[in-house]
Amino acid sequence: MNKVLWVMVPAEIALVVCLLAGVDVPAPVVRTAEAVVLTLVAIEAVLVRRLYKAARLAGAGRRDALARAVEAAVPATARRLLVNEARGLTSLVRWVARRTHGVREGDLAAPYTGPQTAMMYGFLFVSVVETVALAILIPWPLVHLIMLVLDVYGVLMLLALHASCVTRPHVVGADGSLRVRWGSLFDMPIGSGQIASVRVERRYPDGSLIKIDEPGGTLDLIVGGQTTVRVELTEPVEFVRPMGGRGTATVVRFHADDPAALVAGPAQEGARRGTGRDRRRGRDHQRRRLTWAAGGRTPRSVRP
């Protein structure tokens with residue numbers, strides 16, 4: 001069913017464009033296409049309803065049942081695209097309101113957009129120039145309208161992408177945890193107990209935004225062609241790629257505009273945990289010595 005949708009949706013879009021452009025499409029072709037699309041929509045609706053009922057009978061709540069039904073009926077790639085676009089558009093609202101996402105009281109927000117800001121605004125400038133140039137060069141009103149809609153949509157998505165990066169910074173939790181992010185496309189939470197070490201390490205790797213050398217190896221989250229922080233983990237930690245693929249990593253390298261401030265949070269929490277362990281070990285050692293000196297009986301002053 002999903003494969004049929006991937007074929008029919010582009011075909012329907014092509015048919016609509018032909019009709020808008022004035023192409024003489026035979027009436028039987030149009031009626032057949034409409035019937036096929038309506039049939040597919042009806043089949044999808046019935047499938048979602050059946051899956052929803054099955055989930056409800058299994059004891060799921062209404063929201064969970066609906067989520068399961070949509071997850072089973074709609075392709076994962078399509079869901080991820082819709083979710084990413086929705087998050088980007090909500091990020092525009094947060095950007096205008098100067099609010100951040102996922103940063104609680106006591107947390108440290110670590111921005112990372114410094115190296116990419118100029119590039120993003122450069123893309124926006126080129127897109128605006130392209131829109132104006134096409135408006136002047138294209139003489140056909142319908143084609144001009146279609147290109148205008150596509151260009152405005154592209155500019156909006158670029159703004160939404162940059163806004164999501166601004167409003168979704170890296171987060172160092174008050175408990176020493178770490179949340180590595182890139183806009184609405186990447187979000188990797190790391191617990192404080194999973195961090196073995198963290199330090200400033202400036203590198204200039206080649207490759208795309210997300211690169212991993214091998215499963216369970218080193219993950220690079222590259223911004224503007226560089227990374228500035230290296231985090232070594234005590235165990236493999238799972239992450240989700242922008243289009244839904246999953247992987248694990250034991251070392252994470254990413255960029256932060258102020259890496260020293262970001263590194264200080266987990267490092268201080270680790271030192272605090274280490275100091276606490278040392279104190280507990282000292283108390284246990286003292287208790288054992290006093291117990292031995294008292295002939296095997298624990299004195300009242302050191303009993304827990």
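**Burial, salt bridges and a surface patch**

User: Why is R253 called buried?

Analyst: R253 has a relative accessible area of 12%, and buried means under 20%, exposed over 50% and partly exposed in between (1.4 Å probe, protein chains only), so R253 counts as buried. This is a predicted model, in which local features need pLDDT of at least 70, side-chain atom pairs count only at pLDDT 80 or more, and totals for chains, interfaces and linings use all residues. Residues are numbered from 1 along each chain as its sequence is written, and side-chain values use heavy atoms, with hydrogens and water left out.

User: What makes the contact between R253 and D220 a salt bridge?

Analyst: A salt bridge is a side-chain nitrogen of Lys or Arg within 4 Å of a carboxyl oxygen of Asp or Glu, and the N to O distance between R253 and D220 is 2.7 Å, so the pair meets the rule. R253 belongs to strand 9 (residues 246-254) and D220 to strand 7 (residues 217-221), so the pair ties together parts that are 33 residues apart in sequence; strands here are DSSP runs of E with at least two residues, and helices are runs of H or I with at least four, numbered from the N terminus. D220 counts as buried, at 4% relative accessibility.

User: How many salt bridges are there by this rule?

Analyst: The count comes to nine. One of them joins D187 and R179 at 2.7 Å, N to O; D187, at 28%, is partly exposed, and R179, at 25%, is also partly exposed.

User: Which residues does the network of salt bridges that share partners join?

Analyst: One of its bridges pairs E232 with R230, whose closest N and O atoms are 3.1 Å apart. Salt bridges that share partners join R199, E201, R230 and E232 into one network.

User: What makes V128, V132, I136 and L137 a nonpolar surface patch?

Analyst: A patch takes residues with over 30% relative accessible area and no salt bridge, joining nonpolar side chains (Val, Leu, Ile, Met, Phe, Trp, Tyr) within 5 Å and like charges within 9 Å. Together the four residues make a patch of about 420 Å².

User: Why is R98 called exposed?

Analyst: The relative accessible area of R98 is 79%, which is over 50%, so R98 counts as exposed. R98 lies in the loop between helix 4 and strand 1 (108-110), and its phi is near 60 degrees, a positive value in a residue other than glycine. Most residues other than glycine have a negative phi.

Definitions and conventions
Accessible areas come from the Shrake-Rupley method with a 1.4 Å probe; for residues, only the protein chains shown count as cover.
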